[in-house]
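Student: Hi! Could you walk me through this one? I'd like to ask things as they come up.
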Amino acid sequence: MTILSTILEFNETFVSEKQYEQYATTKFPDKHIVILTCMDTRLIELLPKAMNLKNGDAKIIKSAGAIVNHPFGSVMRSLLLAIYELQADEVFIIGHHDCGMSSTNTDHIIGQMVDRGIDKSLFKTLQYSGVNMKDWLHGFSDVTESVKMSVDLTRNHPLMDVNVPIHGLVAHPDTGKLDIIVNGYDFVTKK
Ligand code: ZN
């Protein structure tokens, strides 16, 4: 049994027994929020539970480190779509302690790529094309600073509605405890 076949087998039962019925909802977030958080496995169920969120309550974007690092990348596009098209009125950027992106060893990652067959000369070619692999793979050393930077970038985005509060929080990956880093209400005029 492969991972894929195990999942598909389970899925057949899930659908035929109509287990999906308990999750019925719409594409619009009932609590009118969009969350950007990390892909960390510890947060899959813990974070929504710790925030009292159920299926349908929030738009959730996941990315390594919960980092907004490109003003016109897919994370920012998702945030803007959530706000302008999908009725999200507030943004929550939630990093977490002990994040894999806080200890990214870029040399190790590049070494792993080479070990798995990526041609070393490619990294030189990328460098000439303006892609600095180390910068691109690098995460952050302080999650609080990282959350602040992502909040700033989002709040100051030229296409962002200035009346949308952009909150910054840090979660504990074992307890789900949330610490507020930036209170987005402090920066909007309409409250
Ligand atoms: Zn993480």
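Student: Let's start with Lys18. Is Lys18 buried, exposed or partly exposed, and why?
Tutor: Lys18 counts as partly exposed, because its relative accessibility is 45%, and the band for that label lies between 20% and 50%. Keep in mind that this is a predicted model.

Student: Okay, and where does Lys18 lie?
Tutor: In the loop between helix H1 (3-16) and S1. Its backbone is worth a look too: Lys18 is not a glycine, yet it has a positive phi of about 55°.

Student: Which other residue has a positive phi although it is not a glycine?
Tutor: Asp98 has one, with a phi of about 60°. You'll find Asp98 in the loop between S3 and H4.

Student: Is Asp98 buried or exposed, and why?
Tutor: Asp98 counts as exposed because its relative accessibility is 57%, and the cut-off for that label is over 50%.

Student: Switching to the metal. Which residues are the protein donors of the zinc ion?
Tutor: They are Cys38 through SG, His96 through NE2 and Cys99 through SG, at 2.0 to 2.2 Å from the zinc ion. Written as a sequence spacing, the donor residues give C-x57-H-x2-C. Cys38 sits in the loop between S1 and helix H2 (46-50), while Cys99 sits in the loop between S3 and helix H4 (106-115). These two cysteines are 61 residues apart, so the pair links distant parts of the chain.

Student: Are Cys38 and Cys99 buried or exposed?
Tutor: Both Cys38 and Cys99 are buried.

Student: And why does His96 get the label it has?
Tutor: His96 counts as buried because its relative accessible area is 1%, and the cut-off is under 20%. His96 lies in strand S3.

Student: What is His96 in contact with, leaving aside its neighbours within four places in sequence?
Tutor: Its contacts include Cys38, Asp40, Arg42 and Leu43, and also Val143 and Val170.

Student: Now the inside of the protein. Which residues touch the most other members of the largest nonpolar core?
Tutor: Leu79, Val91 and Ile94 do, out of 37 residues in that core. The elements that give two or more residues to the core are strand S1 (33-37), helix H3 (74-84), strand S3 (90-96), helix H7 (143-155) and strand S4 (166-171). H3 gives the most, with six residues.

Student: What does Leu79 touch, apart from its neighbours within four places in sequence?
Tutor: Leu79 is in contact with Val34, Ile61, Val68, Val91 and Thr154. One of these, Val91, is also among the residues that touch the most other core members.

Student: New topic: what volume does the largest pocket have?
Tutor: About 270 Å³. It is lined by 13 residues, and the closest to its centre are Ser63, Ala64, Asn69, Met101 and Trp136. H3 and helix H6 (133-137) are the elements that give two or more residues to the lining. The largest share, three residues, comes from H3.

Student: Let's zoom out. How many helices and strands are there?
Tutor: The protein chain has seven helices and five strands. Of its 191 residues, 35% count as buried. The C-alpha trace spans about 55 × 50 × 30 Å along its principal axes.

Student: And which domains does the assignment give?
Tutor: Domain 1 covers 27-102 + 141-184, and domain 2 covers 105-138. Taken over C-alpha atoms, their centres are separated by 28 Å.

Definitions and conventions
Residues are numbered from 1 along each chain as its sequence is written. This is a predicted model: local features need pLDDT of at least 70, side-chain atom pairs count only at pLDDT 80 or more; totals for chains, interfaces and linings use all residues. Side-chain values use heavy atoms; hydrogens and water are left out. A nonpolar core is a set of buried Ala, Val, Leu, Ile, Met, Phe, Trp, Tyr and Cys residues joined through side-chain atoms within 4.5 Å. Buried means under 20% relative accessible area, exposed over 50%, partly exposed in between (1.4 Å probe, protein chains only). Helices (H or I, at least four residues) and strands (E, at least two) are DSSP runs, numbered from the N terminus. Contact means heavy atoms within 4.5 Å. Donors are N, O and S atoms within 2.8 Å of the metal (3.2 Å for Na, K and Ca); water is not among the atoms, so sites may look incomplete. Domain bounds come from an automatic or database domain assignment. On a 1 Å grid over the protein atoms alone, a cavity is a set of points where a 1.4 Å probe fits but cannot get out, and a pocket is an open set with protein on both sides within 12 Å along at least five of seven lines; lining residues have an atom within 4 Å of a point. Grid points are joined across faces, edges and corners, and a volume is the space filled by probe spheres set on the points.
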